[in-house]
Amino acid sequence: MPVQPTRAALTIDGRALSYLDFGGTGRPLVPLHGHLSEGASFTALADALGPEWRVIAPDQRGHGDSDRAPEYTRAGYVADLLALLDHLGIDRTVLLGHSLGAYNAIQLASGHPELVEALVIVDTAVDLPDHGHSPLAFVLDFPYTAATRQELAAACGPLAAAVGPLLRPLPDGSGWRLPFHPRDTVDSENLVHGDHWSQWLATDCPALVIHGLRSQVLPAEQALAMCSTRPATTYRSLDTDHFVPQADPEGFARSVREFLASI
């Protein structure tokens, strides 16, 4: 039977940070989504892990039901996560991150290794060159709000099928909004570019790198180097593109479950 999560929120500097708590009586696991996504994207993973793991999936700042923030730096994202762990009384957790979420997980682990039992990094390059433009710049053509859900989904073009189910009604009932703000998304994505090797190599907790063999983001050579240069790091490949959890949910969940069984 699918797990029914509880949605809750805490207030940080006047902003709501929303999260889904899938329950369970086991050790905590906090999965962090990528851009254009939200915590609910890990529902299938929570179902697969079952009650042995308590999965708490936040909507990171500016995503899903969480409020927009004044900035989208690593420090800002990590401060939110530290506040969430403190709010939940969690003093040690497994962190899983995909794309944006992986950078935040790596940064938190490097700064607060005592809080992180293990890392799962999903198809994320620790050296991401800045080519002078964001690959997500196309979302700047999307309206943030529209009068109807159908109108807003249609304005998202090829992303309509993926984003349509995530659209939110405006609080005053006047229309619908995206689960992310286009300008915030581009600002946030620009800030993940660069060299994150030092943060990646700063920790030695058990780690799993899941690599999509057809990834648009993580070259195979770098994925293997991430594992060979860092202690206690396991490599697992799946025949997917960058969006591993959606492209192969069963393979993704199996890879995570097998790794968790080893720690």
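How many bridges join strand E12 to strand E13, and in which sense do the two strands run? The model examined here is predicted, so that local features need pLDDT of at least 70 and side-chain atom pairs count only at pLDDT 80 or more, while totals for chains, interfaces and linings use all residues. Residues are numbered from 1 along each chain as its sequence is written, and side-chain values use heavy atoms, with hydrogens and water left out.

Strands (E, at least two residues) and helices (H or I, at least four) are DSSP runs numbered from the N terminus. Strand E12 (residues 207-212) and strand E13 (residues 233-238) run parallel and are joined by 6 bridges; two strands pair if DSSP finds at least two bridges between them. In this pairing, Leu 208 stands opposite Thr 234 of E13. From E12 the chain passes through helix H8 (residues 220-228) to E13 in a right-handed β-α-β crossover, a term for a path that runs clockwise from the first strand over the helix to the second when the strands point away from the viewer. E12 also pairs with strand E6 (residues 116-122), in the parallel sense over 4 bridges, and here Val 120 stands opposite Leu 208.

In a regular strand the side chains alternate between the two faces of the sheet. In E12, Ala 207, Val 209 and His 211 point one way, whereas Leu 208, Ile 210 and Gly 212 point the other way. All of these residues are buried, that is, under 20% relative accessible area, against over 50% for exposed and in between for partly exposed (1.4 Å probe, protein chains only).

Gly 97 lies in strand E5 (residues 93-98) and counts as buried because its relative accessibility is 0%. Beyond its neighbours within four places in sequence, Gly 97 is in contact with residues including Leu 32, Val 120 and Thr 124, where contact means heavy atoms within 4.5 Å.

The structure holds 2 aromatic pairs. Rings of Phe, Tyr and Trp (its six-membered ring) pair if their centres lie within 6.5 Å; planes under 30 degrees apart count as stacked, over 60 as edge-to-face and the rest as tilted. Tyr 72 and Tyr 77 form a tilted pair, at 6.0 Å centre to centre and 50° between the planes, and both are buried. The ring centres of Phe 138 and Phe 142 are 6.0 Å apart and their planes lie at 70°, so this pair is edge-to-face. Phe 138 is partly exposed, with a relative accessible area of 39%, whereas Phe 142, at 10%, counts as buried.
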